[in-house]
Amino acid sequence: YQSQPLDMTSDSFYSSRRALIEARLGDIAAGHFCRTIRDVYARECGAECASVSWDLACDQLLAVATCLGGRRLAAVCRVLATEYRLKRSGFPDLCLWNAETGKVLFAEVKGPGDKLSETQQDWLDILIASGIDAEVCLVREPEA
């Protein structure tokens, strides 16, 4: 069992699968993603998979995906499909969502003296350009 396709970090990953990826992104953008999330979660949960954490329950993933909506979810997936080698790190630390209001926010947490990396800034820019709320959360030392 491989944790990722052998060419996942190569420039040819997207180009060699372009038609399949674009078809799936079209489905996601059209809002057809809940069944796929359920199916993949049921089949793969717990398996070693590059850049995947199984910390959330399937219902939580579905809630986040639903709050994002198909168009915005597809935009994030497109970046991962086309630029995985460059964007596999730097995604914001926190994902906050409210299923009742349908709102979602991604936050990058920075402590005193921390600075955003170029990839972290890229992800914040990508999310915001895709219509997704994203911000930097600055943690400060308590005042004496």
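Two rings of Phe, Tyr or Trp (for Trp, its six-membered ring) form an aromatic pair if their centres lie within 6.5 Å, and such a pair counts as stacked when the planes are under 30 degrees apart, as edge-to-face when they are over 60 degrees apart, and as tilted otherwise. By this criterion, a search of the whole structure, which is a predicted model, finds three aromatic pairs. One of them joins Phe91 and Phe106 in an edge-to-face arrangement, with 5.1 Å from centre to centre and 80° between the planes. This pair links distant parts of the chain, since Phe91 lies in the loop between α4 and β1 (94–98) and Phe106 lies in strand β2, 15 residues apart.

Residues are numbered from 1 along each chain as its sequence is written. Because the model is predicted, local features need pLDDT of at least 70 and side-chain atom pairs count only at pLDDT 80 or more, while totals for chains, interfaces and linings use all residues, and side-chain values use heavy atoms, with hydrogens and water left out. The mean pLDDT (the predictor's confidence in each residue, from 0 to 100) of the protein chain is 94, and 99% of its residues reach 70 or more.

The protein chain has five helices and three strands, where helices (H or I, at least four residues) and strands (E, at least two) are DSSP runs numbered from the N terminus. Their order from the N terminus on is α-α-α-α-β-β-α-β.

Helix α3 (residues 34–44) packs on α4 at an angle of about 155°, with the axes 10 Å apart; axes are lines fitted to C-alpha atoms, for helices over the stretch in contact, and angles run from 0 to 180 degrees between N-to-C directions. Helix α3 is therefore roughly antiparallel to α4, a term for angles over 145 degrees. In this contact (heavy atoms within 4.5 Å), Cys34, Ile37, Arg38 and Tyr41 of α3 meet Cys58, Leu61, Leu62, Ala65 and Thr66 of α4.

Helix α4 (residues 58–87) also packs with helix α5 (residues 118–129), at an angle of about 165° and with the axes 12 Å apart, so that α4 and α5 are roughly antiparallel to each other. Here Val76, Val79, Leu80, Leu86 and Lys87 in α4 meet Thr119, Asp122, Trp123, Ile126 and Leu127 in α5.

Technical notes
Parallel < 35°, antiparallel > 145°, perpendicular 65-115°, else oblique.
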